[in-house]
Amino acid sequence: MNVQLAEIVETCQVAGVPLEGEVPDNWPVTGIAAVQSCGPGDLVFADKPALLAHVLERKPAVVVAARSLRDQVASLAPTTVALFTSNVALAHSIIKQRYAGRDYAAAEWEGPIHPSAIVHPTAVIDPSAWIEPRVVVGRNARIGARSRIMSGVVIEHDAVIGCDTVVHPNAVIGYNCVLGDETVIGPGSIIGSEGFGFAQDAKRRSHPIPQTGRVVIGDRVRVGANNTIDRATYAETRIGSGTKFDNLCHVAHNVDIGEDCLLTAMFCIAGSSQVGNRVIASGQTGIIDHVKVCDDVVLVHRAGVVKDIDQPGAHASLPTQPLDDYLRNTAAARKNAELRKRVAELENRSQPVAERGR
């Protein structure tokens, strides 16, 4: 990497995250590094006062800092240029994506379609897409511009993959399923696996109900490693644009998840439930079937959703309750042993003397 700082500042300006401060002419940036291990030439990020000691010691070329640290970095010049923003994390995202993200071309596979890939003659693949070794692309599948399908991926018949999408190794994109633009599917994830639908007879034997719908995933969605998103029974399982899944999540058939949600590891949602926009779920959150969670809900502390949540805000525990109630109840529960002892003492005192002596 060898980029002029002025170009980086312009990139952030265009992205809507302006960097404030004076930008010297001919000020090169040769890398992006963690503030604790940076060196001359690097660009670093600092959103806490404690990080400034590393900047003073290691003298990187540029520090992108929180506005609240403006007075504390005045002594950095002339070795380090300080720029300020209201959102250091977002500036970090924009700059690293543009200048120091993963270089997929570093694998140097022969392409754009590797000779070991098996591509059905009816598949439509944009000339700028890249197909790595041992990929299988089925009948009538479509792959958009600049998308990369990595080693061992299976794309079944009639699947559609948008532009600038990356499907990581050994993932499966099931038949008829649709991925939007700028979407990332993690290694080992299955999009369009068979939904879990059975009917039982009088002897409790289970008979499958074929799951013949599809999965539709919007733009800018990230699906982590080893996720499963089941196809619908008839219509669609839907994931809204901008939603991000961590690793090891499961979405059952006919689920509808809104836009810009953040769903962390072991999130599990049962069939036909609906999740609104901008919902956040911490690890091991569970949602049963046929319930609705409204927009702007935060689910924490292994939340177990067993009925509709129709009010935005934080909810916790099983069954879910508003976070403030949960914290009060948890605090009270810690005193249960003491309370039981005190109640037993009061009961003992209230008994007649003769009865206590028996």
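Let me start with a term for solvent exposure: a residue is called buried under 20% relative accessible area, exposed over 50%, and partly exposed in between, with a 1.4 Å probe and protein chains only. What I am showing is a predicted model, in which local features need pLDDT of at least 70 and side-chain atom pairs count only at pLDDT 80 or more, while totals for chains, interfaces and linings use all residues. Residues are numbered from 1 along each chain as its sequence is written, and side-chain values use heavy atoms, with hydrogens and water left out.

With that in hand, M266 counts as partly exposed, because its relative accessibility is 45%. M266 has a positive phi of about 70 degrees although it is not a glycine, and M266 sits in the loop between β29 (262-263) and β30 (268-269); helices here are DSSP runs of H or I with at least four residues, strands are runs of E with at least two, and both are numbered from the N terminus. E108 is another non-glycine residue with a positive phi, about 55 degrees, and E108 is found in the loop between α3 and β7. At 70% relative accessibility, E108 counts as exposed.

The loop between α3 (88-100) and β7 (118-119) also holds P112, and the peptide bond joining G111 and P112 is cis, with omega about 10 degrees. A cis bond also leads from L318 to P319, with omega near -10 degrees, and P319 belongs to the loop between β37 (313-316) and β38 (321-322).

Now to the salt bridges, by which I mean a side-chain nitrogen of Lys or Arg within 4 Å of a carboxyl oxygen of Asp or Glu. How many salt bridges does a search of the whole structure find? The search finds twelve, and I will take a few of them in turn.

R139 pairs with D158, the closest N and O atoms being 3.5 Å apart. This pair links distant parts of the chain, with R139 in the loop between β10 and β11 (142-143) and D158 in the loop between β13 (154-155) and β14 (160-161), 19 residues apart. R139 is partly exposed, with a relative accessible area of 37%, and D158 is partly exposed at 24%.

E236 and R214 meet in a salt bridge at 2.7 Å, N to O. Because E236 lies in strand β25 (residues 236-239) and R214 in strand β22 (residues 214-217), the pair ties together parts that are 22 residues apart in sequence. E236 also forms a salt bridge with R238, where the closest N and O atoms are 2.4 Å apart. R238 counts as partly exposed at 37% relative accessibility. Elsewhere, salt bridges that share partners join E20, R67 and R70 into one network.

Finally, a word on R134, which has its place in the loop between β9 (130-131) and β10 (136-137). Is R134 buried or exposed? R134 is exposed, with a relative accessible area of 65%. The C-alpha atoms of R134 and P115 are separated by 8.4 Å, the two residues being 19 residues apart along the chain.
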